[in-house]
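Please look over this structure with me. My notes follow as numbered points.

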Amino acid sequence: MDHEHDAFAQSGWAKFARDFIPATHRGLPMLRLYLPFRDPALEQGRDVVRWSQYVDVEEEPASLNWFEATGAIADEQPSVRGLVSCMGELDDSTVDALRDGIGDIALRCLRWVGYGETPDNAATTRVFGEEYFEADLGPEDVGPGRRVPEFAWDAEGRLAWGGRLYPDSLIVAAELPIFRQLRNDPRIDSVSVRPDRDVLPGSAGD
């Protein structure tokens with residue numbers, strides 16, 4: 001199929017948090033999950049740098065832009081300039097937190113065709129002007145070093161997420177127990193989202 005996915009906003013450059021969540025899940029509480037940066041000066045496995053190391057995400061609005069937030073501290077903490085975006089690739093702790101949140105929920109997902117992973121003869125769908133292929137979300141899709149699919153959702157309206165290409169963060173909509181579990185999980189940085197007021201800025205990985 002080659003059309004705008006009817007679960008998402010139909011036109012324009014997505015901006016508000018709710019735009020990244022299927023219409024079927026927009027009544028759920030939402031949070032922004034910040035994916036960590038990498039420090040290339042450190043050995044692999046120890047190179048994960050969370051936003052909260054440099055920015056108090058709990059005190060900042062959910063529309064936080066990494067470059068704006070760290071620009072003011074770069075002179076005092078020059079190490080922030082050497083950090084690189086994870087480009088949507090998950091670290092161990094984020095994987096564990098997401099898997100615990102997903103539990104046994106069956107999810108579908110959309111993955112951008114530009115990553116070069118599109119199966120032969122896969123049907124594509126268009127979201128926000130970009131082509132994606134739809135598939136079941138398997139355990140391997142939420143794994144260390146694996147780039148997280150930009151969109152995922154379940155059929156029962158319990159859990160969904162969405163993000164930009166090469167995401168540095170995800171908007172997550174979840175039923176209250178899962179929302180609270182993720183929001184209180186010390187392994188990840190997150191903040192509560194006002195769906196119609198908070199925006200998802202351009203990814204640091206773009």
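1. Start with Cys-86. Its relative accessibility is 6%, so Cys-86 counts as buried (buried means under 20% relative accessible area, exposed over 50%, partly exposed in between, with a 1.4 Å probe and protein chains only). Cys-109 has 3% relative accessibility, so Cys-109 is buried too.

2. The model is predicted: local features need pLDDT of at least 70, side-chain atom pairs count only at pLDDT 80 or more, and totals for chains, interfaces and linings use all residues. Residues are numbered from 1 along each chain as its sequence is written, and side-chain values use heavy atoms, leaving out hydrogens and water.

3. A disulfide is a covalent bond between the sulfur atoms of two cysteines. Here it is taken as a pair of cysteine sulfur atoms within 2.5 Å. The whole structure has zero disulfides. For Cys-109, the closest cysteine sulfur is in Cys-86, 17 Å away, so the two are too far apart for a bond.

4. Now the sheet. Eight strands form an open sheet with antiparallel pairing, in the order β5-β6-β4-β7-β8-β9-β1-β10. Strands (E, at least two residues) and helices (H or I, at least four) are DSSP runs, numbered from the N terminus. Two strands pair if DSSP finds at least two bridges between them. At the edges, β5 (124-127) and β10 (189-193) each pair on one side only.

5. Look at one pair. Strands β4 (residues 107-112) and β6 (residues 130-136) run antiparallel, joined by five bridges. Leu-110 has Glu-134 in β6 as its bridge partner.

6. Helix α2 (residues 92-102) packs on the sheet, touching β1 (30-34), β4 and β8 (159-162). Contact means heavy atoms within 4.5 Å.

Key. Axes are lines fitted to C-alpha atoms, for helices over the stretch in contact, and angles run from 0 to 180 degrees between N-to-C directions.
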